Amino acid sequence: MKISAINGIFTSKLNPVNHHRINLSAVQNDAFIRTTSFKGSDNDDSFQAFKKWAEETDFLINAESIIEKKGKVLGCGFEGMTIGIPGNDKWVIKVIKRSNFSQQRTDKSEIFEIEDKLPDLNIGQMIAYVKMPVFEDSSRLFYILRRQKGNSYGINNMPPQKLNKANIDIHISSLKKMAELPYEAYKQVVRDIIKANDAGYIFDHYNPNNIMLDEENKRINFVDVEPTCKESVSYQFSDILYALLDGNFGLALLNSTQDKDAIAEAKKYSDIIREKFETAVQEEMK
Ligand SMILES: Nc1ncnc2c1ncn2[C@@H]1O[C@H](COP(=O)(O)OP(=O)(O)O)[C@@H](O)[C@H]1O
Ligand SMILES: [Mg+2]
């Protein structure tokens with residue numbers, strides 16, 4: 001990648017005029033870490049494995065009660081709600097609020113495949129959708145996603161969050177955890193982004209909550225990806241960095257009259273994150 005593009009990192013967010021795009025090209029000889037195992041193994045989380053599991057466990061019969069009461073809500077975004085499946089760590093259910101119910105009649109519950117364009121890499125992508133009858137003339141629709149590990153990062157920026165002590169504490173502890181991740185985690189997330197980009201997935205980088213910080217495995221994972229036509233994907237690494245810095249909240253804090261020590265701490269961690277990420281981008285784009 002060109003140095004001029006690196007210079008655009010982050011500043012482009014502060015100055016919308018300076019909004020140039022970085023085209024991601026495929027990295028040669030990459031050695032990304034497989035987050036799931038091969039088909040047929042115990043860790044197989046492919047569509048076929050899901051379908052088999054669903055049949056064996058009567059998932060379609062239980063789905064309604066998992067969504068309504070038994071499943072733990074893992075997170076809520078602007079569009080959807082993600083629900084854990086009890087006793088299952090491979091997949092999660094995502095209910096999209098606006099298309100949860102439809103006035104279309106369905107005769108029976110059915111699982112449909114959604115093409116997984118990145119079977120070797122877990123980016124929390126959808127692998128299936130399920131349609132089931134609710135009443136005589138309406139149906140329920142929900143999605144099955146590969147489950148990502150980790151905790152949602154930063155402060156959900158929708159709606160804008162208050163600069164109160166509780167949020168400042170979450171922001172700083174998020175930055176601290178991110179800053180403490182090894183450099184390899186940054187290289188891996190850059191590789192994942194490039195792979196997702198090349199496969200035609202769009203990552204919703206506007207919300208830092210779409211980044212899952214996996215402290216246990218020292219990984220930066222992401223969720224909330226949508227398949228799209230390849231041509232329309234054009235990330236800027238600055239966008240990703242902005243999310244890694246919990247940018248919306250971070251900028252609000254930086255420009256505020258809040259506690260000076262808190263601001264200094266946030267800045268210290270932000271600088272470490274920026275440094276590690278920029279170096280990782282440079283290395284991986286060489
Ligand atoms: N594949 C996944 N594995 C684990 N948790 C997830 C997954 N997808 C989403 N989540 C959790 O649910 C939250 C909301 O889901 P998301 O897909 O971001 O919905 P929205 O499109 O509404 O933003 C996320 O911020 C994350 O905490
Ligand atoms: Mg989201």
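The model is a predicted one, where local features need pLDDT of at least 70, side-chain atom pairs count only at pLDDT 80 or more, and totals for chains, interfaces and linings use all residues. Residues are numbered from 1 along each chain as its sequence is written, while chains are lettered from A and ligands numbered from 1 in the order in which they are written.

**Exercise 1.** Find how the span of helix α6 compares with the expected one, and which elements its buried residues pack against.

*Solution.* Start with the boundaries: α6 runs over residues 183–199, which is 17 residues. Helices here are DSSP runs of H or I with at least four residues, and strands are E runs of at least two, numbered from the N terminus.

Next, take the expected span, 1.5 Å times one less than the number of residues.

Now list the buried positions of α6; among them are A185, Y186, V189, V190, I193 and I194. The buried residues pack against β9 (201–203), β11 (219–222), β12 (225–227), α7 (237–244) and α9 (260–284). Contact requires C-beta atoms, placed from the backbone, within 7 Å.

Finally, look just past the helix: G200 has a positive phi of about 90 degrees.

**Exercise 2.** Work out the strand order of the open sheet that has 3 strands.

*Solution.* The order is β8-β10-β11, with antiparallel pairing. At the edges are β8 (151–152) and β11, each pairing on one side only. Two strands pair if DSSP finds at least two bridges between them; β10 (residues 211–214) and β11 have 4. For one of the partners, go to L213, whose bridge partner in β11 is I220.

**Exercise 3.** Describe the shell around ligand 1 by nearest residues, strands and domains.

*Solution.* A residue is near if its C-beta atom, placed from the backbone, lies within 6 Å of the molecule.

Then assign strands. At least two residues each come from β1 (73–76), β2 (80–84), β3 (91–96) and β7 (139–146), and β1 gives the most, with 3.

Last, the domains: domain 1 (3–34 + 149–284) and domain 2 (47–146) each supply at least three residues, with bounds from an automatic or database domain assignment.

Definitions and conventions
A residue is buried if 20 or more other C-beta atoms lie within 10 Å of its own, exposed if 12 or fewer, and partly exposed in between; C-beta atoms are placed from the backbone. Two residues are in contact if their C-beta atoms, placed from the backbone, lie within 7 Å.
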